[in-house]
Amino acid sequence: MRRLLAEPLVHFLGIGLLLFLLYALVAPADTRDHRIVVSRAILADLEAQHERLAGRPPTGDELRQLVDTWVADEILYREGVGMGLDRDDVVVKRRVRQKYELIAEEEASAAPTEAELEAYLKANPDRFTAPPLVSFTQVVVPPEGGDAAIAARITAMKAALAGGARPETVGRGTLLPLRSKDMTLDRVAAEFGGGFAGALAGLPDGRWEGPVLSTFGLHLVRIDARTAAGMPPLADVRAAVEREWENERRVRGREARLSSLRERYDVKVEEAR
Amino acid sequence: MGSRFRALTMAGGLALAACSPAKQDKAKTTAPKTAAEAASARAPSGRKAYFGAVHVHTSISFDGFTLGTRTMPEDAYRWARGEAIEPGMNGVKNQVQTPLDFYMVSEHSEMLGVFQEMQRPGTAASKLPIAKRVLSSDPAVAAAVTEIFGDLNAGKLDPATMNVLLDPAIGRSTWRTIVDVADKYYEPGKFTTFAGFEWTSSPENRNMHRVVMFRDTKVLPDLPLSTIESQDPETLWKWMDTQRARGSVLMAMGHNGNSSDGRMFEQVKFDGSPIDTGWVAARSRNEKLYELTQIKGTSETHPSLSPNDEFADFEIWDYTISAEAERPKVRTASYARQALVDGLAVEARGLGNPFKVGFYGDNDTHTAAGSHEEFNYTGKFGVEMLPGVRLAGLPGMPAGQVKQIREFGSGGLAGVWADENTREGIYDAMYRRETFATSGSYIRLRMFGGFGLTRADLDAADFAARGYQKGVPMGGDLKGAPGTPAPTFLVRALKDAKSANLDRIQIVKGWIDTVGQKHEKVFDVAWAGERKPGPNGKLPPIGNTVDLKTATYTNSIGAAELAVAWTDPEFKPGERAVYYARVLEIPTPRWSTYDSVRLGKALPKDLPHTIQERAWSSPIWYTPS
């Protein structure tokens, strides 16, 4: 008997009994379901879990033990929830919340329909409008000498370029790219500086212009091509729209769900003292 | 020699009223292009500098997860493209000022995705006893994670726990997700992503980590290699050789030799036995690059190894990777400069050069968001999104750990000279070591070396074409012959268009003399302003414009561009040598200064208030006949 009293299981059951009695004292009438079914699915789950932990399926004895534990969990959980023990417990709350969110996120993983993507594209013009692009060629004006020497040099370089000289043979060595293709203005600003990017908008196309000042000095520039900003058809940006649609669902889904659920609740926050 | 470039910035004083009236954008107007122009765009001289990072973690990595990061690989790629994300659970968002061209999420392959699985109710992972520790919000969790990781590698955990932590089913599906997301965000020509991972070998908390990168996602293993089988880098190289035989194209890059306590560049095998030609060949076949700088410090060189280099003391992080602020016992075989010279010595023994690595910089962020912009630094882990945590740690954090966090640098950037911004373009540039590292600024740096190169080639409009034609790009080899003249190096550097001016270009030379003695020397070769080297041969400092009260600086000193054609005045044709360029910015505020000013706190006494950001080219090697 003494050995039996030392068993943790007996303590456990004892506590369970106490809780039960306590509950019986305060509960009006017991209307809860007292049926517990250890379904085949649960059994398979228990077996699979054991196999992952131990690397082999459970023996008959082990499975019986797993079932007993599962049943004990279930009984005491139901009794505890019945008594409201879950309500003030932060750990339980977090767990349930995480579980809810995870399930809700996984539920919302169906692929978008064509109509949904069309609608999403229309609703987010800022995100899918292709920015204006510019392609250009530039050469560096060697900076030596005074203003007059540089001005004369610019005139000579322009004449050479207008006469068909290859840009590789005009100007001075630089790490700046000679030719830049389909660049956004942000990108031009990152490579040449903001002032240079701004100046490109004002240049006529197809001929050597300048000098244009960059962060690094003076340049002669020829605009080779421009693509105006525009909203592409869905077919052209389908992958990007689908990616953005899925991401929005992933990131905003959680907040959206919460706010729609919150609407169903009347939340009152008392004044802090 | 630097003074002529001063004129460049002054030329801006010219009146520029020649702009034509604004013109409406047309749908698409194309100027005629000649066949010659089209062809030269594909020539190596048309290569462009692209910036990115390939050492990036999210909450999938076990330590990112436990230290307050909630992001996933999607967030990483979105951030790199310029979108604001919230990396931690503290409401703080981060957005990069200058978006990146390429990015690779490289999670720790050990326990891949398992810590996240612990969150998922009902899973075997969530039921492990250690799950409680991992999911705890206690600041001591960092130590717990280090301990779990150490026990895992040492095989000290119980078999049930091991089985779940190493569950290949979890690892496989997580890896699949990482690869799928990389594919989803890859836009050839615009934004390049890669599949990769980090192999986290940490014997006794000595950092032997390697980032592994795949050229494409056509042929990939179904699970990355972890260190569970072995922490020996040879195991990694064998595995990589196997993947290569199966059709994958991949390479590995080491990092944080500074935290390896003499192991990253040791000249013995992992078990202490002598290296041989097979070992050297395996290493050099698989490791083409070395990550020179990142949040956990810069491992170019240590002041004790390079006492004559007054710029050696830069973002040194002198710890092992133990969570208890343990100091390494040695600095040898831990830093790249010394390794380059050691590599020459091993080669002279006839074994080949095991340390023939190019340089790149990176982040090692564990928040998905990179941290390289000094003014925009957000720490290594999610909890550090709050500046108070970056400066003073979490409440209850041991003092040693707080110091480690304060001493983090802001991490760097990888620069590559690539044909195009595609997986092939970027990977191939990295494989041929045509790369440079920066400490975070978007400095562009390029070097060519050759025997016939001249000052005229440097100044010529087709400078790069001449560099390739008459010499080799950085990462390349120069071969000598009897009577070989001294090589000339053409170096050009452009400042970050949005950041600080440049101070100087230096050439770092390492060599072994005919009796096998090892040497290193730093040459100042181009500089801004009218300065003259002093009697000690050292160029005086550029000055400092930083206002520590407001954490601002001005570009009233320094140059926007520096360039030089430099011929080695001490060249001896019979001596093996290696050369790389280092370019320094003028002083700017360190992240801890920006943070302190924002918070209205006194500047930390134990940290530098200003730093000189910098870039390092990959080396060029000279081998006598």
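Reader: How far apart do the C-alpha centres of domain 1 and domain 2 of chain B lie?
Author: Happy to start there, with the note that this is a predicted model, in which local features need pLDDT of at least 70, side-chain atom pairs count only at pLDDT 80 or more, and totals for chains, interfaces and linings use all residues. Residues are numbered from 1 along each chain as its sequence is written, while chains are lettered from A and ligands numbered from 1 in the order in which they are written. Chain B splits into domain 1 (49-431) and domain 2 (443-623), with bounds from an automatic or database domain assignment. The C-alpha centres of these two domains of chain B are separated by 27 Å.

Reader: Which element gives the most to the side of domain 1 of chain B that touches domain 2 of chain B?
Author: Contact here means that the C-beta atoms of two residues, placed from the backbone, lie within 7 Å, and 31 residues of domain 1 of chain B are in contact with 35 residues of domain 2 of chain B. On the domain 1 side, α12 (336-348), β9 (358-361), α13 (387-392) and β10 (413-418) of chain B each supply at least two residues; helices (H or I, at least four residues) and strands (E, at least two) are DSSP runs, numbered from the N terminus. With seven residues, the top contributor is α12(B).

Reader: Is β10(B) largely enclosed or open?
Author: A residue is buried if 20 or more other C-beta atoms lie within 10 Å of its own, exposed if 12 or fewer, and partly exposed in between, with C-beta atoms placed from the backbone. One face of β10(B) has B:L413, B:G415 and B:W417, the other B:A414, B:V416 and B:A418, and all are buried. Because six of the six residues of β10(B) are buried, the strand is largely enclosed.

Reader: Which residue of β11(B) is the bridge partner of B:L413?
Author: Strands pair if DSSP finds at least two bridges between them. β10(B) pairs antiparallel with β11 (residues 435-438) of chain B over four bridges. The partner of B:L413 in β11(B) is B:T438.
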